[in-house]
Structure formats: C-alpha cells, structure tokens
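Please follow this account with the model in view.

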Amino acid sequence: MELTGSSAVITGGASGLGAGTARTLTSLGVRCTIFDRNEDGAKQLADEIGANYVAGDVTDPEDCQRAVNQAAEGGNLRIAVNCAGTGWVGRVINRDNSPHDPKAFKFIQELNVLGTFYVMTIAASAMAGTEPLADGERGVIVNTASVAAFDGQVGQLAYSASKGAVVGMTLPAARDLAPVGIRVMTIAPGLFDTPLLGMLPDEQRDALAQSVLFPKRLGQPLQYGALVAHIAQNSYLNGEVIRLDGGIRMPPK
Ligand SMILES: NC(=O)c1ccc[n+]([C@@H]2O[C@H](COP(=O)([O-])OP(=O)(O)OC[C@H]3O[C@@H](n4cnc5c(N)ncnc54)[C@H](O)[C@@H]3O)[C@@H](O)[C@H]2O)c1
C-alpha cells in the first residue's frame, strides 16, 4: 500500500512504541493523529513532528470515535495502530495466599483488550466507507500484543491474558474485514527501550538486555515503527502475529 498521502490513527502515540510509530509514519508522508490520554505528551510530539493529536481514553468508545473522526477528516484513513496499553504484576495468589485482585485483572483487560477492540472496530468502520485503492485494499490495522502472550512469566496472569486476547483477535478480525479490503496484523514485541521499562533500575535493564538472544540490547521504538510501516506497505501480510524480539524466549521468572 502506498503510504504517502494516507492518514493514520495511533493510540498511545505520545510515548514509547506509539511515538516510534508516529515518527516513522510521519517521515514517510502519512498524516498521523496521535490519540493518547497524555495530552501534554501528545501535543509536544505532534508539534515536533507535524502531526495532529486527540487527547482521550481508549477505554471510552466516544473518545475513540472522536480520534478516528479526526484522523479521517483529511481523507484516506488507511492505518490504525493500537499501542496504548500497560502491564501489571500479580500472581494467581499473593504471598499471603489471598487471590489475585480482580479489579486489577479487569483494569488490564479493559485497557489492553477493550481499548484495542474499540479502536479496531471504529477505525475499520470508517475505513470500510472509503474508496478502495486499485487492488481493492482499503487499509490496515496493526495491534500490539507482547511475547508475554506466549511466554507469560510469573506474575503476568492479567497481562498475558490481555495480550493473548489481542493475538486471538488477529485472524478472526482479518477474516471479518477481508471482504472490505482491510488487513489486520499483530506485533508481539519483546523488550523495548520505552518509559514502560524505563521505570526499572539500570542494572535490571542491563540484565534484561543480556537475556536477548541477538543483538543483546533492548529494542528501539523506531524499529517497532519500521515494522508497522513495512506491514502497511506490504499488502501480502495479513492475519498473522510477528514476534519482534531479537529471538528472546522469556523464562518463567
Ligand atoms: N516496552 C516494551 O518492552 C513492550 C513489550 C511488549 C509489549 N509492549 C506493549 O506495547 C504497548 C506500548 O508500550 P510502551 O512500552 O510504548 O508503553 P509507554 O508507557 O511508553 O506508552 C504507552 C502510551 O499509552 C498511553 N495510554 C495508556 N493508557 C491509555 C488510555 N487508557 N487511553 C489512551 N492512551 C493511553 C500512555 O499515556 C502512553 O503514552 C503496550 O500495549 C505494551 O503492553 C511493550
């Protein structure tokens, strides 16, 4: 798919993987709308790279609709990238044998699964009404899972459940949207150098980097953005999950 002149909505675009995606797509001539609940961060990056932004919450369908409308305003909404999300640490039972906090479990599913669902469905609805390209393609949706969908570690019950759901939505969504020429892909990142991991002390980040097969370092958000751009450009990628992880396989702990 030709990217120049198309529009994209990027959730979580103010930081980390979403920001890497916004930078990469903008540099390729895509009109990007950063959709993030961090208004200051979204505005700052949008001003820097020449993008638009919408402040809002991906768990609120009205905010998602606003963001998609804004992205579609300039015409040619072809790309929706879901990067808003977060992690949680909690075991099935706590140290005192009390059960996992159900509110925390629900919060993570709402943010990582329902947020992805809202933006995917609302963006697909808008894309379906656009004029198709010469080969019948109308657009692409890229969702963000995690290697935790496959290699969930101790304490990742809620997070792995949410990312497993994102993986599980990939093929049925691609099948549902094939008749209108919209592809659906998921990226499962390994360990990336974003504020999410920036909270860890340096020694722990170095130890994590050493656990990557090759190269022994954390992934860069621009490498994530580069894969999103490739997925958007390569119309033969559909209904698949790509691990972007330097070959890492997470151990139990
Ligand atoms: N960083 C990693 O190593 C890594 C690895 C695997 C998967 N992931 C996944 O990638 C995604 C992005 O992670 P990141 O590392 O870039 O994190 P990040 O914290 O740097 O960025 C996340 C962005 O999402 C926004 N956001 C959070 N909740 C929101 C909401 N309800 N509505 C709108 N915006 C919201 C935040 O404001 C932030 O700008 C997440 O889904 C995360 O689980 C990250």
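**Helix packing, ligand and backbone**

Helix 4 and helix 5 pass each other in a right-handed crossing. This is a predicted model. The axis of helix 4 and that of helix 5, which spans residues 157–177, come within 8 Å and cross at roughly 20°. Because angles under 35 degrees count as roughly parallel, helix 4 is roughly parallel to helix 5. On the helix 4 side, the contact is made by Phe105, Ile108, Gln109, Asn112, Val113, Thr116, Met120 and Ala124. Helix 5 contributes Leu157, Ala158, Tyr159, Ala161, Ser162, Lys163, Ala165, Val166, Met169, Ala173 and Leu177. By class, the residues in this contact of helix 4 with helix 5 are 14 nonpolar, 4 polar and 1 charged.

Helix 4 (residues 102–128) also meets helix 3 (residues 61–73), and the two axes come within 9 Å and cross at roughly 40°. Helix 3 and helix 4 are therefore oblique to each other. Their crossing is right-handed. From helix 3, the residues in contact are Pro61, Cys64, Gln65 and Val68. They meet Tyr118, Val119, Ile122, Ala123 and Ala126 of helix 4. The contact of helix 3 with helix 4 has 8 nonpolar residues, 1 polar residue and no charged ones.

A further pair is formed by helix 1 (residues 16–27) and helix 2 (residues 39–49), with axes that come within 11 Å and cross at roughly 20°. Helix 1 and helix 2 are therefore roughly parallel to each other. The crossing of helix 1 and helix 2 is right-handed. Here Ala19, Ala22, Arg23 and Thr26 of helix 1 are in contact with Leu45, Glu48 and Ile49 of helix 2. The residues of the contact of helix 1 with helix 2 divide into 4 nonpolar, 1 polar and 2 charged.

Which residues are closest to the ligand? They are Ser15, Asp36, Tyr159, Phe192 and Thr194, and 28 residues surround the ligand. A polar backbone atom of Leu17 is 2.8 Å from an oxygen atom of the ligand. For Gly190, a polar backbone atom lies 3.4 Å from a ligand oxygen atom.

Two backbone details remain. Most residues other than glycine have a negative phi, and most peptide bonds are trans. Asn76 has a positive phi, near 55°. This residue is in the loop between helix 3 and strand 4, which covers 77–82. Where is Pro215 found? Pro215 is in the loop between helix 7 (202–210) and helix 8 (221–233). The peptide bond that joins Phe214 and Pro215 is cis, with an omega of about -5°.

Key. Residues numbered from 1 in each chain as written. Predicted model: local features only at pLDDT ≥ 70, side-chain atom pairs only at ≥ 80, totals over all residues. Heavy atoms only, no water. Axes fitted to C-alpha atoms, helices over the stretch in contact; angles between N-to-C directions. Helix = DSSP H or I, 4+ residues; strand = E, 2+ residues; numbered from the N terminus. Parallel < 35°, antiparallel > 145°, perpendicular 65-115°, else oblique. Left-handed = near helix turned anticlockwise from the far one by under 90°. Contact = heavy atoms within 4.5 Å. Nonpolar A, V, L, I, M, F, W, Y, C, P; charged D, E, K, R; others polar. Near = heavy atom within 4 Å. Polar contact = N/O pair within 3.5 Å; in protein donor to acceptor, adjacent residues only side chain to side chain.
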